[in-house]
Amino acid sequence: MSGRVLLPLLRRDLLLAYRRRTELLLPLVFLLVVVSLFPLGVGPGPQVLARIAVGVIWIAALLATVVSLDGLFRSDFEDGSLEQVAVSGHSLARVALVKALVHWLVAGLPIVLLSPLLAIWMNLPEGGLGALVASLALGTPTLSLLGAIGAALTVSLNRGGQLLSLLVFPLYVPILILATSAVSSATDSLPYNGQLGLLAAGLVAALTLAPMAIAAALKLSLE
Amino acid sequence: MSRAKRIFHQFGSPPWLFRFAGWLIPWLWLVCIALGAWGLWWGLLIAPPDYLQGESVRIMYLHVPSAWMSYSIYLLMAIFGFCALVWHVRAAEIMAMASAPIGAAFTLVTLVTGSLWGRPTWGTYWVWDARLTSELVLLFLYLGVMGLHSAFDEPRKGARAAALLSLVGLVNIPIIHYSVVWWNTLHQPGSVGVDGSSIHPSMLWPLLIVALAAKFYYGANLLSRTRVRLLEENRHRRWARAWVTGGID
């Protein structure tokens, strides 16, 4: 399938996302609410907040990603357009890649852009902001790609949302570990290139392998 | 038709597989119980206590075989799942899904015995150590596979979706394992490897015998579950009815 088909698909999905703005904003509001609950729960002491800042921000990012994943294929599945794309003869893996890209643009990128605000809220130590933004920029696309596998597997289920979190959170463990370790190293003024390198490697691996898994899962769901 | 091809087709035939499993299961149970009794008797009563950990080391004879099984069953489940997805082998689908609860049970046994062992030796039931954590993640992966399988109304579709998930998990298990090891480790490194062992033979032999018994237990349990599933799915067929009503094996 050439760009002639992929680009219109990308434009269509972005336009659809734009027309459903409130639906898009909900995961981000969810992210802000979750993060803002932590100072209320553990107390507003700056030291405590600084210590847990990166973990809280990253876990909130994981939760917000999973919340937004449930709708990734749902409407296309229900109105039949997913089936039309599948029978059109175009590579379903590339379609899956476009879908994951759109998900990242509307759900992952805003998290990256919001992260400086969250860092201020959680009193993240000065040196950690660059690493936080970099780890989110490299990690959230992988979250979208891995999560899309789960979304594709559960799209034909009525209540797939709760199951989805059980399916994808175990897969997110390495990303969470690497990303939080990168930011902790940065706040301790240690080099963190290694962790970012591994996150980038994970992204490349997910970019190459996940679309095939998503396509296989979509085919199963459409059976 | 070549011999290998005939065996392949026989496994695809539900009545043949049902009869074959029914013939094999008693033998598997026999070996499992004999080896298990021998290994546990040796391990729990005869083998010497550890010079450092004392009698509590005997939990090892349950803990370590379960831990080995928890990973190897996941691998087998993914292999069955691969066969189910690629060649549409119905028996492989059934066996992949029958493996999941057994593997989850071994994982749970590993976690429970490990935490009971941790209390006297490490002074705590639970630490966020690398191996404990990756075993816990493994349990979540098993639960995900089982949950996805049961969420579908059509069992075949659910089995294929869960098989795909198990393959995705298989790719991720090494990554999860090494990332967690790198994150935090307190657990002793593995004592038994392909190139030798740091355990004294008086403790190693009972351990290996129990591990072998666990493999036979898996085989027997897997085939029993497969037989039930085969009966359920073929309940409208003549051979299944004949077996249920007439007791013809």
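Chain B contains eight helices and two strands, where helices (H or I, at least four residues) and strands (E, at least two) are DSSP runs numbered from the N terminus. Along the sequence these elements follow the pattern α-α-α-α-α-α-β-β-α-α. The structure is a predicted model, in which local features need pLDDT of at least 70 and side-chain atom pairs count only at pLDDT 80 or more, while totals for chains, interfaces and linings use all residues. Residues are numbered from 1 along each chain as its sequence is written, and chains are lettered from A and ligands numbered from 1 in the order in which they are written.

The C-alpha atoms of chain B occupy a box of roughly 60 × 40 × 35 Å along the principal axes. Of the 249 residues in chain B, 39% are buried; a residue counts as buried if 20 or more other C-beta atoms lie within 10 Å of its own, as exposed if 12 or fewer do, and as partly exposed in between, with C-beta atoms placed from the backbone. Two residues are in contact if their C-beta atoms, placed in that way, lie within 7 Å. Among contacts in chain B between residues at least 6 apart in sequence, 75% join residues at least 24 apart.

Confidence is expressed per residue as pLDDT, the predictor's score from 0 to 100. Chain B has a mean pLDDT of 86, with 92% of its residues at 70 or more. Where pLDDT is low, the predicted coordinates should not be read in detail. Chain A averages 90, and 99% of its residues score at least 70. For the complex, the predictor gives an ipTM of 0.89 and a pTM of 0.89.

The two chains meet through 18 residues from chain A and 22 residues from chain B. On the side of chain A that touches chain B, the elements giving two or more residues are helix 7 (128-154), helix 8 (160-187) and helix 9 (193-222) of chain A. Helix 8 of chain A gives the most, with nine residues. The residues on this side of chain A divide into 17 nonpolar, no polar and one charged; here Ala, Val, Leu, Ile, Met, Phe, Trp, Tyr, Cys and Pro count as nonpolar, Asp, Glu, Lys and Arg as charged, and the others, Gly among them, as polar.

Helix 8 of chain A has 28 residues and reaches 39 Å from its first C-alpha to its last, close to the 40 Å expected at 1.5 Å a residue; the expected span is 1.5 Å times one less than the number of residues. Because 20 of these 28 residues are buried, helix 8 of chain A is largely enclosed by the rest of the structure. A kink of about 40 degrees lies at A:Tyr172, shortly before the proline A:Pro174, the bend being the angle between axes fitted to the seven residues ending there and the seven starting there. Just after helix 8 of chain A, A:Ser189 takes a positive phi of about 60 degrees.

The largest nonpolar core has 139 residues, and those with the most contacts inside it include A:Ala152 and B:Leu164. Such a core is a set of buried Ala, Val, Leu, Ile, Met, Phe, Trp, Tyr and Cys residues joined through C-beta atoms within 7 Å. Helix 6 (residues 92-121) of chain A contributes the largest share, 15 residues. The buried residues of helix 2 of chain A pack against helix 3 (46-69) and helix 6 of chain A.
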